[in-house]
Amino acid sequence: MTIRRLGAMASAALAMACTNPEPAAPPFVPPTLTLVPAPELRITSPVGSDCNRPSFWVGDTFYHIVSNQHAWRSSGARDAAGAQAFTLARFADDHPTFAWDSTRQWYVHDINTSEGPTNTPMRWIESVYRRPSTGALYGLYHTEEGPYVRCGAPFERPYLSVPHIGLAKSTDDGRSWQNLGLILSDGSFPIHCDLPIRFFAGGVGDPSMAVGPDSVYAYIAFTDYSGANPATQGIQLARIALQDLDAPLHPDGRSKALRWH
């Protein structure tokens with residue numbers, strides 16, 4: 001085949017490409033929805049609720065988590081109205097005697113008891129992500145570092161502590177959790193009653209998590225309670241690669257979550 005013939009074939013192919021372009025994508029049509037009245041739905045909890053109440057589906061089963069110092073989980077049918085009673089969701093590193101005290105209607109070994117505090121930290125599970133490929137559930141939890149300093153007059157603070165954000169994993173749909181460590185923290189520091197914040201002496205907490213459209217990262221919105229510095233307090237953002245969820249800490253203890261400043 002001569003060079004002249006090769007050139008002619010290339011010119012013909014180019015002409016075909018120019019005269020037969022790819023079909024145009026159909027125009028984008030915004031989705032529509034209709035809101036209809038529905039009966040009132042009440043979801044009760046044995047301990048009330050002190051944070052986000054993450055929910056998720058596994059097949060036709062609806063799961064719901066509430067937390068007030070410790071997490072409780074309920075499962076049900078196609079809707080929240082058919083949910084079963086809440087049961088305590090335990091962490092693998094909870095104190096062996098940690099349990100619900102049916103007499104006091106509160107927890108054994110809690111900061112509000114004569115025995116506390118113990119090495120069972122309070123943990124509020126505030127946001128969850130269920131990995132489609134494995135069904136593993138990853139939960140962001142808010143935990144608070146004591147001592148819980150109670151401030152009387154003239155400050156009238158009920159207590160002060162320092163919150164941190166950790167990551168946990170469940171392979172039984174939230175019934176039990178493996179603690180994977182703290183992934184967002186401002187560290188530890190002294191607690192003083194003259195701080196302007198009512199509950200916290202600084203720190204970070206109350207996270208919400210969403211998986212990005214590229215399915216590469218989990219994005220985390222959280223609150224920084226550093227009231228002494230207006231430039232750093234308020235809502236902040238971080239992200240962690242989905243591939244790092246099972247091991248979110250480096251060998252030296254540093255977090256693999258990247259905080260956006």
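Two rings of Phe, Tyr or Trp, with Trp represented by its six-membered ring, count as a pair if their centres lie within 6.5 Å. With that cut-off, a search of the whole structure, which is a predicted model, turns up 12 aromatic pairs. Take Trp100 and Tyr107: their ring centres are 5.3 Å apart and their planes sit at 85°, so this pair is edge-to-face. The label follows because planes over 60 degrees apart count as edge-to-face. Tyr107 is buried, at 0% relative accessibility, whereas Trp100 comes out as partly exposed at 23%. Both belong to one aromatic cluster, together with Trp72, Phe98 and Trp106.

Now let's step back to the whole chain. The protein has 261 residues, and 38% of them are buried. Looking at contacts with a separation of 6 or more, 47% are between residues 24 or more positions apart.

Next, the charges. Side chains of opposite charge can pair when their charged atoms come close, and a search of the whole structure finds eight salt bridges. One of them joins Arg123 to Asp94, with the closest N and O atoms 2.9 Å apart. Arg123 is in strand 8, while Asp94 sits in the loop between strand 5 and strand 6, so the bridge links parts of the chain 29 residues apart. Where do Arg123 and Asp94 sit, buried or exposed? Both are buried. Asp93 joins Asp94 and Arg123 in a network of salt bridges.

Another spot worth a look is Asp246, which has salt bridges with Arg131 and with Lys169. For Arg131, the closest N and O atoms are 3.9 Å apart; this pair spans 115 residues, from the loop between strand 8 and strand 9 to the loop between strand 14 and strand 15. For Lys169, the closest N and O atoms are 2.6 Å apart. Lys169 belongs to strand 10, so its bridge to Asp246 ties together parts that are 77 residues apart in sequence. Arg131 is buried, at a relative accessible area of 15%, but Asp246 is partly exposed, at 38%.

Note on methods:
Residues numbered from 1 in each chain as written. Predicted model: local features only at pLDDT ≥ 70, side-chain atom pairs only at ≥ 80, totals over all residues. Heavy atoms only, no water. Buried < 20%, exposed > 50% of the residue type's maximum accessible area, 1.4 Å probe, protein only. Contact = heavy atoms within 4.5 Å. Phe/Tyr/Trp six-rings, centres within 6.5 Å; stacked < 30°, edge-to-face > 60°. Salt bridge = Lys/Arg side-chain N within 4 Å of Asp/Glu carboxyl O. Helix = DSSP H or I, 4+ residues; strand = E, 2+ residues; numbered from the N terminus.
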